[in-house]
Amino acid sequence: MRFNGKTVVVTGAASGIGRASAIAFAAEGATVYAADIDEAGLLATASASNGKVVTARCDVTRCEDIKALMDRAAAETGGIDSVFNNAGAGGDRAPIDEIEPEGWDRTMDLLLRSVAFGIRYAVPHMIGRKGASFVNTSSVAAVGPGYSPTAYAVAKAGVLHLTKVAAADLAKHQIRVNAVQPGFINTNIFTASLDMPAELEAQAKGAIAAMSQQAQPVARGGQPDDIAQAVLFLASEAAGFVTGTSLIVDGGITIGPRHSWDPNMPGLFDALQQMVDSGKAA
Ligand SMILES: NC(=O)c1ccc[n+]([C@@H]2O[C@H](COP(=O)([O-])OP(=O)(O)OC[C@H]3O[C@@H](n4cnc5c(N)ncnc54)[C@H](O)[C@@H]3O)[C@@H](O)[C@H]2O)c1
């Protein structure tokens, strides 16, 4: 019960990583303000929880919604101890030579500005609360290209830098700020970002689940709870000496090129050795 008596705000709590985290925080004693634009999904989160989950409609692209969320959580409970700035979606999928300003801005507002103002409007309610901290959702897409569309990757890299800068700014209040970088986690984000027709959704989700099992050195698919456990650690007293950093939770997908860990994917030296071996045999 690491969060007994604490107030925790989780955005994007109607699905995936946010839902798993809201449920895990509540199971460890927190009063959780679960926020999202998907109100039906929020109710499902609350009913799957065996702890206290208060649902709140909040569109994180609207700063006034974020402020109202933080003000409400504090007014009803006396203050805020932790915020998990997590809501997100795939954003604009165009490459840099095709993207338009509207798509760029929409993606930045959803994935980066939302985190900045999730911090901005919560801080007044966190000052003086022992152990207060933020966790922000970045991504392995922040480490380089190939994991996501361009605007998403840039926004998630921005979240990493924002995390460091905010940790410095908020040291004066002894508020910690950290990020989590999920790898390929089996959630609704992929089908939701593509506006998948309903009749194809089950098939697409099956394909995503199968792919997620083989995408990284750890030989199983990444699950929302894998990220939730890291988030709870970063928000807890056990991480009391951890601030301004990021925890990659990706089953090893970023450790190196596929041939470095997959015996079925020959690298350059394997291919050359094969040439040598077959030359000797001839
Ligand atoms: N699933 C992955 O592989 C993966 C990898 C790296 C990072 N992430 C990040 O993890 C976070 C959670 O994603 P997920 O995989 O759980 O996806 P998900 O689609 O299951 O959940 C995302 C939630 O965010 C909500 N949301 C979207 N726009 C919103 C808005 N404007 N205001 C409030 N809520 C909004 C959605 O309604 C949904 O409930 C996102 O920031 C995502 O970018 C996911």
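Which residues have the most contacts inside the largest nonpolar core? They are Val9, Met70, Ile80, Val83, Ile119, Met126 and Phe134, in a core of 40 residues. The model is predicted.

**Cores**

Strand 2 (31-36), strand 3 (52-57), helix 3 (63-77), helix 4 (101-120) and helix 5 each give two or more residues to this core. Helix 5 provides the largest share, seven residues. Another core lies apart from it, with 28 residues, including Ala20, Ala26, Val53 and Val231. In soluble globular proteins, nonpolar side chains tend to be buried together.

Beyond its neighbours within four places in sequence, valine 83 touches Val9, Met70, Gly118, Ala122, Met126, Ser133, Phe134 and Val135.

**Ligand site**

The shell around the ligand holds 29 residues, and Ser15, Asp36, Asn86, Tyr152 and Thr187 come nearest. By type, the shell has 13 nonpolar, twelve polar and four charged residues. Helix 1 (16-27), helix 5 (150-169) and helix 6 (189-193) each supply at least two of the shell residues.

How much of the ligand's accessible area does the protein cover? The protein covers 92% of the 830 Å² that the ligand has on its own.

Key
Residues are numbered from 1 along each chain as its sequence is written. This is a predicted model: local features need pLDDT of at least 70, side-chain atom pairs count only at pLDDT 80 or more; totals for chains, interfaces and linings use all residues. Side-chain values use heavy atoms; hydrogens and water are left out. A residue is near a molecule or strand if one of its heavy atoms lies within 4 Å of it. Accessible areas come from the Shrake-Rupley method with a 1.4 Å probe; for residues, only the protein chains shown count as cover. Helices (H or I, at least four residues) and strands (E, at least two) are DSSP runs, numbered from the N terminus. Ala, Val, Leu, Ile, Met, Phe, Trp, Tyr, Cys and Pro count as nonpolar, Asp, Glu, Lys and Arg as charged, and the others, Gly among them, as polar. A nonpolar core is a set of buried Ala, Val, Leu, Ile, Met, Phe, Trp, Tyr and Cys residues joined through side-chain atoms within 4.5 Å. Buried means under 20% relative accessible area, exposed over 50%, partly exposed in between (1.4 Å probe, protein chains only). Contact means heavy atoms within 4.5 Å.
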